[in-house]
Amino acid sequence: MFARLLAVFFLCLALPWTVAAQSAGGTTAFDTKAKQIYLIDAASGTVLFARGENEAVTAASLAKVMTLTVVFKAVRDGEINLDTTYPVSEHAWRTGGAPSRTATMFAALKSQIRVEDLIRGVAVQAANDGCIILAEGIAGSESAFAARMNEQARELGLAQSHFDNATGLPSPGNKVSMRELVVLAQHLHQSYPDFYRYYSEPEFEWNKIKQRNRNSLATMNIGVDGLVMGFAEDAGYGLVASVERNGRRLFLAMSGLSSDKERLDEARRLIDWAMTSFASRTLFKAGETVAEASVYGGSAGHVPLLTRQDVDVLLPIGSTERLSARVTYAWPMRAPVASGQRVGVLRIWSGDRFLLEVPLETAASVEVGTLSSRAMDALQELFFFWL
C-alpha cells in the first residue's frame, strides 16, 4: 500500500489593511518585552501575537490553572460537591500554609474546609495550602492528584505541559507553554462558567485574614476577569489572563518578564493594543465552499470542502498586506466519503505571520465508483506517487 501523502491546496486573498501591528506613531512595529507570549481573540481564534509560544517553561503558579481544571471537573461530574469538606494536613499547612511564607489562604492545621472555600482561596489568592488540601482530598495524595492533572492535560491535547504537584512550587517536572495555557484558559472559561467567576472576586477572607486578589490586573478596571500570575527564578514573571471589553474577549499568556511592574505594564499595553488596533473581516461564510479535495475510486473525482462557521479574522486597522490561505488534507482520499466528514484544515497567514486554523469537512458524499473509474484513479495515484 502506498504511503499516505499530504495534499496542499493554496489560496491567496488580497484585503486592504496596513502593515500589521504598527505602533501609534505608525513607524515602529509593535513589540513586547515578554520572551514567550501567546495572545488570541476568543471569538475568531485569530492569533494576535505569538513568540516562543510552544517553548516549555517553568510553570510556577501558572500550574494552578490545571489544578482548578481538575477540581471543576470533579464537581461537575458529581465526584465531589461544593459543600464537601477536606482536612488540613500537616503537609498542606507546612508546605503551602502560614509557615511556608508563600501564597496562602492561612488554613488552620487540622481544620476542615469546604471545597468552595478552597476553590476561592486558590482562584483569588493562588493559595498553595488550598491547592494541596484539594489535591489530597480528591486523590489521596498530591502526587496522585498530579497524575490526574497530567491525564487531563493529555485529554485536552496539551502535549508539552507537565505537572509534578498541584501548586507549581519548584520541581523539575512543572512545565507549561504559553499556547497550551491559553488553550487551558479557554477550556476553563467555556466549560465551567459558573465556577470561572471566582477568579474575579476582589478579595477573600479566611481565618480572619482578608487578602485582595493576587491577580493585580483583575483590579485595574481594564476588563481582566482571571486567571493567575506566577514567578520562577529561571522563567521570570508570567501570567495567564482572560479579558472581556466591549463584547470582545482575549486570552493572553506570557512569561519571561523581569519584574512584577514590567509584567503589569506589558500586559496592560498588550491588552489596549489588541482591543483597539484590529477590525474583524469575514473571509468565508458558514457553509461556503472553501476548496475541493480530490477523491480516488469514487463516483466523483472531487468533493467540496466547507466550514461549519463563518471564518472571521482580526486584521490590523488600515493595513494592505496580503493574506494567504492553505487547505491541507490527507491524500489520497479514497471513496466512499461521507458528507460532513472532517478531512482537513484551513490555515490562514498574514505574510509569514500565522493567524488562524479552522477545521474543514466534506459538503457531500461520494460513493464508490465503477471498476473502470477506480482503475484509472489507481493509475493516476501511482503516477503522482512516483513523482
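This is a predicted model: local features need pLDDT of at least 70, side-chain atom pairs count only at pLDDT 80 or more; totals for chains, interfaces and linings use all residues.
Residues are numbered from 1 along each chain as its sequence is written, and side-chain values use heavy atoms, with hydrogens and water left out.

Let me start with the chain as a whole. The secondary structure comes to nine helices and 20 strands, where helices (H or I, at least four residues) and strands (E, at least two) are DSSP runs numbered from the N terminus. Of the 387 residues in the protein chain, 50% are buried, and here buried means under 20% relative accessible area, exposed means over 50%, and partly exposed lies in between, with a 1.4 Å probe and protein chains only. If we take the contacts (heavy atoms within 4.5 Å) between residues at least 6 apart in sequence, 65% of them join residues at least 24 apart.

Now to the interior. In soluble globular proteins, nonpolar side chains tend to be buried together. A nonpolar core, as I use the term, is a set of buried Ala, Val, Leu, Ile, Met, Phe, Trp, Tyr and Cys residues joined through side-chain atoms within 4.5 Å. The largest such core has 64 residues, and the members that touch the most others are Leu68, Tyr86, Ile133, Phe145 and Val240. Helix H1, residues 64–76, supplies the largest share of this core, namely eight residues. A second, separate core of 28 residues includes Ala291, Tyr296, Tyr329 and Val366. Returning to Val240, and leaving aside residues up to four places away in sequence, we find that Val240 touches Leu62, Val65, Leu181, Ala185, Gly226, Leu227, Val228, Leu252 and Ala253.

Just after H1, Gly78 takes a positive phi of about 80°.

H1 packs on helix H6, residues 178–191, at an angle of about 30°, with the axes 10 Å apart; axes are lines fitted to C-alpha atoms, for helices over the stretch in contact, and angles run from 0 to 180 degrees between N-to-C directions. That makes H1 roughly parallel to H6, since angles under 35 degrees count as roughly parallel, over 145 as roughly antiparallel, 65 to 115 as roughly perpendicular and the rest as oblique. On the H1 side the contact is made by Val65, Met66, Thr69, Phe72 and Arg76, and on the H6 side by Leu184, His187, Leu188 and Ser191.

Helix H4, residues 128–139, is also mostly covered, with 10 of its 12 residues buried. Which elements do the buried residues of H4 pack against? They pack against H1, strand S5 (85–87), helix H2 (90–96), strand S6 (112–114), helix H3 (115–125) and helix H5 (142–155). With H3, the packing angle is about 140° and the axes are 8 Å apart, and the two helices are therefore oblique to each other. In that pairing, Val115, Leu118, Ile119 and Val122 of H3 meet Gly130, Cys131, Ile133 and Leu134 of H4. H4 is followed by Gly140, whose phi is positive, near 95°.

The peptide bond from Gly226 to Leu227 is cis, with omega near 20°, and Leu227 sits in strand S10, residues 224–232. Another cis peptide bond joins Ala335 and Pro336, with omega about 5°, and Pro336 is found in the loop between strand S18 (333–334) and strand S19 (342–350). Phe106, although not a glycine, has a positive phi of about 60°; Phe106 lies in the loop between H2 and S6 and, at 23% relative accessibility, counts as partly exposed. Lys208, also a residue other than glycine, has a positive phi near 65°, and at 79% relative accessibility Lys208 counts as exposed.
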